[in-house]
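Please look at the sequence and the three-dimensional structure shown here, with an eye to its charged side chains.

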Amino acid sequence: MACTLSSRYHSGPVTALMFWEKDILIAGIGSSLHFYSLRDGEGLLLRVEALTCRNIHGIRNLHQETEEHPCLSCCFGEKSIRVWNYDCPGNRVIFHCKLWECEDLIWDVTWLNDKDDPILALGLGHNTVILWDWKTTAVLERVQCEEVCIIYCAHFIGHWWSELILAAGTVFNQVVLWSVNTRDFHQGRSPVLHRLQGHEGVIFDIDYHWELQRLCSVSDDRSIHLWQATGPSGDWAQTEFTLLRVLYGHSARVWSVCMLLNKLISVGEDSTCCVWDYDGNIIQKYKGHRGKSIWSLSVDREGKFVATGGGDHSIRLWKLQQEHRLNTDVNFENLSPPQLKKEDFPRTVTLRGHDRVLVMTNMGDLFEFIVSTGTWTTLLEDPEFRSYSVLSVSPERRVIALGSINGKITLIILKEKTTERVFEKCYKGKVLSINWLDQESLLTCGPEGIMHMWRLTIQEDQCLTGSSTLEVMASYILPPTKQRWVTAACFTPSRCQFVCGDRGGNVYVYQIDNTQTKDSQESALQFKSGIHGKAGVTFVSCHGNSVYTCGRNGIYYEFEVDESGLAGGKSNKVLKGFDWMDRLVITDNDILILGFHSSDFIIWSTQRNQRLVQIECGGGHRTWGCEISDMSAVRFVFLKASDIFLCSTTITCDQTILKSSLHGRELSDVKHLVSTTHRDQKFEVFLTCSEDTNITLSSVISSTSQESRLSVLRNLKGHISSVRTMAVSESRLHDCDTKRTFIMFSAGGRAQMKAWKIVVSMKTNEKELGGGDNRAPVSSASMMLSADTSLKPENRREEKRQTTSEDLQNKCVIRKEETKSCFKDVCHVESNYELLASHMLHDRVKRRSKSWQRKLENTSPETRYMDLTAFHGHLVDTSLPSSIHFVGAACSDAVVRFFLCDADKKMFTCLGLSLENNCVLKVGHFVHHMEGLEHCRVFLFSCSTGGDVTFWDVTKTVLAVKKTAQPSASEVKAEQFKSKLPDAMCTEDSVNPDFCSPVHVFQNHQSGVNSISVHQYTDRLEWLMVTGGDDNAVVFRTFTISLDGTGRVHFTPLLKCDLPSAHSAQVTGAKILDDHYTLTVSIDQRLCLWEVTQTDKSLKAEMRACKFVSVADVSNMDVWKQRSGSGYDIAISGEGLQILHLNLPS
């Protein structure tokens, strides 16, 4: 059997889009065409490779379909083009010609109707047009403009060769229009008919609208120029162009534009899609894409939907509105209680459910307004609440809690027929806050930070009044701070603790002790200082096993809950300028953020990455309330200048995610975690990291009946700069076959390194999927796929009906790339993670005069981690604690560092470092077993920009850890009031001096070494090493390791094989598979398989297979062996992610 390399999955920037019919969207991703159904629940239908070794940049459909060619289309990219048609009932693509390559870059293509058979006109990169017969692949005619220059874009106007006009954006920042049939025969070239000037940068796209006779161009200068053409129709020589408007709305370069009858749409490098009217106003702005650049744009024939494809790998479908919905669909109503006295005025407003408005006045009167009936009711008239009151409504909306300036708490219990009042005197001063923990428990805060937890017992008998009770269950005290009162609180899932935040931005965890006396005041179990800044915590809530907090610093945190309190703490910032976050509405699929942006109240969706509701109210410094019913109807009430305003609007989803985003920037590393199979399904779980500072835990599902799909399980956030590298050390916990635990280390910019605990489990549910209780339970970080699918092409297409734009409008909902099924036996992946420790180099704490103010200062922000390697302590000595892991780090400051990480203690310790002569690019480790020795030897190796490979023996350093091992953190009671800094400091004053001296150095390359792999032969005590460098070379070397009489380690070089031109660019990945085969990958986008043979005197390497990969700027590669057989799977990261399969001869 020959060696074969095949692609299983690819995700990358979406560079081309086109609507096909009414319910199919075609996307060009890399060299493949992806066909997506716009019908809910179907998703990706087909993936087929069209332009081998090229990227697809455009897709064009035949304007007038014929009986012979009803669905003819073409795709083009770089210098290549191919013609095909999509067989919709059979869900297949039929290619009508081989891949054809012309002499220059193709910028635009149009179908012409001159003959019986449609032909193609191609606009090329040096202002040339060719007429191409796709059946014979012959060039029928070639025309060049007199303006011979490089062009950056082109757009054909017309569908007949005799009337064809090309609008080209030249390197001179001009748009030139010329006809392919008007030639100056003295020069043999067509003259320029019009030259449009005004841009100050390169022109990236041009569009023309026939009915409006308007031309639009977008440029590097961030502007959009709109030109009006006037003159006889079809007579381009007599036509005049007038600059109508210059539009500015993008914050970066504008890539593409599309003109409609009443609006135009532009996309750009700022990941924004802007919808403009022709008066120059932005009527809609879509910001769903992450990171940089929206590369592609397409509008359906009816002009109701726009599709965008981004550099974040996602495809999003947007519903176009005639007007700006956020500003026009809000119904305002001014309320005024008729019982309000002349000298009185409203002081506090809120909502009790979706239909009732509560108003507390300055004189202590409480009114309720029922929106549906328009009636007012007086609930309370009590001078106790004159001039000051605190109001809070219980979660089930039937109890209203009031606090007065005299320390009195009053509860108004609203029963079906009666109203009951319960009151207690609890403070000598005023009640500062009331927060409901659940429907029966509430937490109050008074002067000096004294908190009481109350238990409410309601007597449900309507005839009995005054029988409900309110009693203090426990008392607590806040630490001394400047603003010492609670602003939000909630129970943890176990209800053994509660979490609260104060006005100073601090978050506390308190233990609930049932044996505690009512008079005692318990202190905080855990204290997270100032995580929400000086403006305070506004929201604390529990969802699942996580606690969410947000504040007025524009950040919300997600904490995992354990016995010691809150663990981890993933920070999230959603929108620049959106600092006033006041509340989170958490569902399984989305997190809605309620808050204030400038003077507007907004509701922001983190899943859709867009603003759903915007209401002008004057800003957040006012009393207000908001209720969302069924995740669609919104009621918002606020107080402005003593007037009560009630606003009603709806959340109408205008976005559908056809393909989810992976990262907002290029991927810097990929690490495979686990593989499993279930029937005909294959699951691959892996980690990716990126320049966007995020780490993503994802799963790719492959099957024989469906296209491979990717599902994002978790997003690990917390790095303050780019994440360049990761290393995985499998935990030695006693996991079962379906559950695996890993310790993962990530590092990158700002010399920051983090340790994470990741748990991945595979679960199978045998119940039939459907409604009600039979549905398989899936968490928010779970992905489901049926093992037996009913969505086979032949079955699906038989039941297909024509989908209209109205159908899409009604079904425009968020969905993941999942396929719905009604069959049994569903397998899904569940995951969880925890941030164990964080570490930064050269940090020091600047002490302030006030204990709650702390600031981290980085004295060496330029240092960055280039690579990591990690292994478990049991690899060397099984008597080491199971929580011990060792990490080697390559640093840009020419230092190799060696760390210990204790997963139980959640801390890093620097064990050794060695100063090199050059920046260290790569680091790794291997274990060498020697006869007669009690322990194996562990070697650390590194590669630098000097082309050398250096080895260290770290065995003594590892074994020395056993002497200093201490009890785990779980055996030590947590310290109360212990304030932990965001990152643990590492001191390098007392490192191991034995680590500093390398045992051997190999000089392999002329410049930097970007990849390395080391392998021990199975039949002899020799080692094989392969390296790839910046010099495009691949070097193989064999060596042996031995000990002399004094115990010193010696490396003995044996044979060497240099391949100076193995690749045509830097080699960024290398992996030795076995004694005979090695894989390398390079920036040249070639994945090469080498067969290595060795004799007594020579070492040879010959290429056995080579595969073009669709990932540009390859950054790294990970390879893992299949559980059965001789095959390997390969993951390649860079400008995208690709998974390939390799079959080796048995």
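The structure is a predicted model, in which local features need pLDDT of at least 70 and side-chain atom pairs count only at pLDDT 80 or more, while totals for chains, interfaces and linings use all residues. Residues are numbered from 1 along each chain as its sequence is written, and side-chain values use heavy atoms, with hydrogens and water left out.

A salt bridge here is a side-chain nitrogen of Lys or Arg within 4 Å of a carboxyl oxygen of Asp or Glu, and by this rule the count comes to 36 salt bridges. The table includes some of them.

| Pair | Closest N to O distance |
|---|---|
| D692 and R290 | 3.5 Å |
| R352 and E368 | 2.6 Å |

Strands are DSSP runs (E, at least two residues), numbered from the N terminus. D692 sits in the loop between β61 (681-690) and β62 (695-703), whereas R290 sits in the loop between β26 (282-286) and β27 (294-299), 402 residues apart. R352 lies in the loop between β31 (346-351) and β32 (356-361), and E368 lies in strand β33 (residues 365-370), so this pair ties together parts that are 16 residues apart in sequence.

Buried means under 20% relative accessible area, and exposed means over 50%. R352 is buried, with a relative accessible area of 11%, and E368 is also buried, at 5%.

Finally, R8, K682, E684 and D1129 are linked in a network of salt bridges.

Conventions: Helix = DSSP H or I, 4+ residues; strand = E, 2+ residues; numbered from the N terminus. Buried < 20%, exposed > 50% of the residue type's maximum accessible area, 1.4 Å probe, protein only.
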